[in-house]
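Open the model in your viewer and keep the selection tool at hand. The stops below go from the whole chain down to single residues.

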Amino acid sequence: MLWIKAFHLIAIVTWFSGLFYLPRLFVYHSMSADQISKDRFVVMERKLFWGITTPSAVLTVALGAWLLLGNWSFFMSWWWMHAKLMLVVLLLIYHVMCWWYLRAFRDDRNQHSHKFYRIFNELPVLALVAIVILIVVKPSLS
């Protein structure tokens, strides 16, 4: 199980690297005025999303499920695991939103400013901090 945990952590790191960098590309893309830059960002965003971020998300969820199923009754008896899994669901929703914005940029129908994407870019940081605290500290409610 330690190998599964190690690869789960590697997948998490690469998934978050994509979740941090892709919205940053959206910031720069939304500030671009010339078509050459816009076309370059479309390619960069697509390669990052489909080549790194999405495969890492799939591996993160698959390996996490494997670890969870390995000791289901233990993990599911703790509130912090339920909270952590809810945060993972929110991250998956965020991931889908990134795909939605990627398509909007690709189709030249982006509706948001660079300021919106700067704020959007910070959301996974909050999830990461909460998840690490929940998994490492395992806080009690009493």
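The tour starts with the whole chain.

**Whole chain.** This is a predicted model, in which local features need pLDDT of at least 70 and side-chain atom pairs count only at pLDDT 80 or more, while totals for chains, interfaces and linings use all residues. Residues are numbered from 1 along each chain as its sequence is written, and side-chain values use heavy atoms, with hydrogens and water left out.

Show the chain as a cartoon: there are five helices and zero strands, where helices (H or I, at least four residues) and strands (E, at least two) are DSSP runs, numbered from the N terminus. The C-alpha trace spans about 55 × 30 × 20 Å along its principal axes. Of the 142 residues, 36% count as buried, that is, under 20% relative accessible area with a 1.4 Å probe and protein chains only. Contact means heavy atoms within 4.5 Å; among contacts between residues at least 6 apart in sequence, 77% join residues at least 24 apart.

**Helices α1 and α5.** Select residues 2-31 (α1) and 114-137 (α5): their axes come within 8 Å and cross at roughly 170°. Axes are lines fitted to C-alpha atoms, for helices over the stretch in contact, and angles run from 0 to 180 degrees between N-to-C directions. That crossing makes α1 roughly antiparallel to α5, a label for angles over 145 degrees. Show side chains for the contact, including Phe16, Phe20 and Phe26 of α1 and Tyr117, Phe120 and Leu128 of α5. By class, the contact has twelve nonpolar, three polar and three charged residues; Ala, Val, Leu, Ile, Met, Phe, Trp, Tyr, Cys and Pro count as nonpolar, Asp, Glu, Lys and Arg as charged, and the others, Gly among them, as polar.

**Nonpolar core.** The largest nonpolar core has 28 residues; such a core is a set of buried Ala, Val, Leu, Ile, Met, Phe, Trp, Tyr and Cys residues joined through side-chain atoms within 4.5 Å. Select Leu22, Phe26, Leu91, Cys98, Tyr117 and Phe120, which have the most contacts inside this core. At least two core residues come from each of α1, α2 (35-70), α4 (79-106) and α5, with the largest share, ten residues, from α4.

Now centre on Phe26. Leaving aside neighbours within four places in sequence, Phe26 is in contact with Glu45, Cys98, Tyr101, Leu102, Phe105 and Tyr117.

**Thr54.** Last, go to Thr54 in helix α2. Is Thr54 buried or exposed? Thr54 counts as buried because its relative accessibility is 16%. The side chain of Thr54 makes a polar contact with the side chain of His95 at 3.0 Å. A polar contact is a pair of N or O atoms within 3.5 Å; within protein, one must be able to donate a hydrogen and the other to accept it, and residues adjacent in sequence count only if both atoms are side-chain atoms.

Notes
Parallel < 35°, antiparallel > 145°, perpendicular 65-115°, else oblique. Buried < 20%, exposed > 50% of the residue type's maximum accessible area, 1.4 Å probe, protein only.
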